[in-house]
Amino acid sequence: MTTLPEVQPLSTQEQTALAQLEGTIRDGWHGFVTVGEALLTIRDQRLYRAAHRTFGDYCEQIGRAHV
């Protein structure tokens, strides 16, 4: 059985960093969901088919384009 580490308090600096990072997550969540929905639509409607044989090929191409 694995023992979980003890809960440890955060310093004031760590609390501030955590609050900022959680704000970033909240702010970015909508964009993340929107991108996911767009990808699902492209996949489900096979909108990639004019230039790519598979959805995986399409994702690889757009992934390289945005790196």
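Colleagues, I begin where helix α1 ends: it is followed by R46, whose phi is positive, near 55 degrees. Helices here are DSSP runs of H or I with at least four residues, numbered from the N terminus. R46 takes this positive phi although it is not a glycine. Its place is in the loop between α1 and α2, the latter covering 55–65. R46 counts as partly exposed, at 43% relative accessibility; the term buried means under 20% relative accessible area, exposed means over 50%, and partly exposed lies in between, with a 1.4 Å probe and protein chains only.

Please note that this is a predicted model, in which local features need pLDDT of at least 70 and side-chain atom pairs count only at pLDDT 80 or more, while totals for chains, interfaces and linings use all residues. Residues are numbered from 1 along each chain as its sequence is written, and side-chain values use heavy atoms, with hydrogens and water left out.

I turn to the helix itself. Helix α1 has 33 residues and reaches 47 Å from its first C-alpha to its last, close to the 48 Å expected at 1.5 Å a residue; that expected span is 1.5 Å times one less than the number of residues. At G28, α1 bends by about 35 degrees, the bend being the angle between axes fitted to the seven residues ending there and the seven starting there.

Which residues make the nonpolar surface patch? I25, W29, F32 and V33 make it, and its area is about 440 Å². Patch residues have over 30% relative accessible area and no salt bridge; nonpolar side chains (Val, Leu, Ile, Met, Phe, Trp, Tyr) are joined within 5 Å, and like charges within 9 Å. Areas come from the Shrake-Rupley method with a 1.4 Å probe, and for residues only the protein chains shown count as cover.

F32 lies in helix α1, residues 12–44, and is exposed, with a relative accessible area of 55%. W29 is exposed as well.

The structure holds 3 aromatic pairs. W29 and F32 form a tilted one, 5.3 Å centre to centre with 35 degrees between the planes. Rings of Phe, Tyr and Trp (its six-membered ring) pair if their centres lie within 6.5 Å; planes under 30 degrees apart count as stacked, over 60 as edge-to-face and the rest as tilted. W29 and F32 are 3 residues apart in helix α1, so about one helical turn separates them. Elsewhere, ring pairs link Y48, F55 and Y58 into a cluster.

How many salt bridges does a search of the whole structure find? The search finds 1, a salt bridge being a side-chain nitrogen of Lys or Arg within 4 Å of a carboxyl oxygen of Asp or Glu. R43 forms a salt bridge with D44, the closest N and O atoms being 2.8 Å apart. R43 is partly exposed at 39% relative accessibility, whereas D44 is exposed, at 54% relative accessible area.

Terms used:
Helix = DSSP H or I, 4+ residues; strand = E, 2+ residues; numbered from the N terminus.
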